[in-house]
Amino acid sequence: MDLENKTLKELFDLVDKIGKNRYHKLTEKNFDNYQQYENWRYVDGNSAFGTTQESKDWVKDHSDSHCPICDTRYHQDNGRTIDHKLPRAKYPWLSMEFKNLWVICWDCNTEKAEMDWYEYERYIFKRYPQSYNALRAFRPIQLLQRKAL
Ligand SMILES: [Zn+2]
């Protein structure tokens, strides 16, 4: 299969098809793991809810002082969040894939919501063209190619 010559949309459709097949094979144990991982993601949340030093360290290692999209410095009211590049609503089988995670600010995360990656690129291109190149650098193309193989 020649993945290099596929458009982003074609690649997404392909991955989506493969993913749906995998999703139907998930077991109860997968969901237990998912719950643990979901708690792990709450970096700035309630520590009783599962925030660990490990998750804090991961965020520290995967972010700098500014949000990569809006270039705003993280601060108390607009802190770091861990977002799924490909939304969980559409790609539940990528929920626990670390390569699908990135750190962006709360505001950007809220704005991105459940947009698919290619929708989000289009949205940023139209609305914040100055941020588009920064966003493209985070395109989860390797993740998609690997999953599609
Ligand atoms: Zn931001």
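Visitor: Which residues coordinate the zinc ion?

Guide: Please bear in mind that this is a predicted model. The zinc ion is coordinated by the SG atoms of Cys-67, Cys-70, Cys-105 and Cys-108, at 2.3 Å.

Visitor: What is the geometry of the site of the zinc ion?

Guide: The general idea is to compare the angles with an ideal value, which is 109.5 degrees for four tetrahedral donors. Here the angles among the four donor atoms are 105 to 112 degrees, and the site is tetrahedral.

Visitor: What spacing do the donors follow along the chain?

Guide: The donors of the zinc ion follow the spacing C-x2-C-x34-C-x2-C. Cys-67 lies in the loop between α3 (53–61) and β1 (80–84), while Cys-108 lies in helix α4 (residues 106–112), so this pair ties together parts that are 41 residues apart in sequence.

Visitor: Is Cys-67 buried or exposed?

Guide: A residue counts as buried when its relative accessible area is under 20%. Cys-67 has a value of 1% and is therefore buried. Cys-108, at 6%, also counts as buried.

Visitor: Where is His-66 placed?

Guide: His-66 is in the loop between α3 and β1. With a relative accessible area of 27%, His-66 is partly exposed. His-66 and Ile-104 are 38 residues apart in sequence, yet their C-alpha atoms are 8.5 Å apart in space. If neighbours within four places in sequence are left aside, His-66 is in contact with Asp-71, Thr-72, Arg-73 and Tyr-74.

Visitor: Which residues of helix α5 are buried?

Guide: In helix α5 (residues 117–127), the buried residues are Trp-117, Tyr-118, Tyr-120, Glu-121 and Ile-124. These residues cover an arc of only 155 degrees around the axis, which puts them on the same side of α5. On the other side of α5, Lys-126 and Arg-127 are exposed.

Visitor: How many aromatic pairs are there?

Guide: The count comes to six aromatic pairs. In one of them, the ring centres of Tyr-123 and Tyr-128 are 6.5 Å apart and the planes are at 70 degrees, so the pair is edge-to-face. Tyr-123 is partly exposed, at 23% relative accessible area, and Tyr-128 is partly exposed at 27%.

Visitor: Which residues form one aromatic cluster?

Guide: Trp-102, Trp-117, Tyr-120 and Phe-138 form one aromatic cluster.

Note on methods. Residues are numbered from 1 along each chain as its sequence is written. This is a predicted model: local features need pLDDT of at least 70, side-chain atom pairs count only at pLDDT 80 or more; totals for chains, interfaces and linings use all residues. Side-chain values use heavy atoms; hydrogens and water are left out. Donors are N, O and S atoms within 2.8 Å of the metal (3.2 Å for Na, K and Ca); water is not among the atoms, so sites may look incomplete. Four donors count as tetrahedral if all angles lie between 85 and 135 degrees; four count as square planar and six as octahedral if opposite donors are over 155 degrees apart and all others between 65 and 115; anything else is irregular. Helices (H or I, at least four residues) and strands (E, at least two) are DSSP runs, numbered from the N terminus. Buried means under 20% relative accessible area, exposed over 50%, partly exposed in between (1.4 Å probe, protein chains only). Rings of Phe, Tyr and Trp (its six-membered ring) pair if their centres lie within 6.5 Å; planes under 30 degrees apart count as stacked, over 60 as edge-to-face and the rest as tilted. The arc is that of the directions from the helix axis to the C-beta atoms. Contact means heavy atoms within 4.5 Å.
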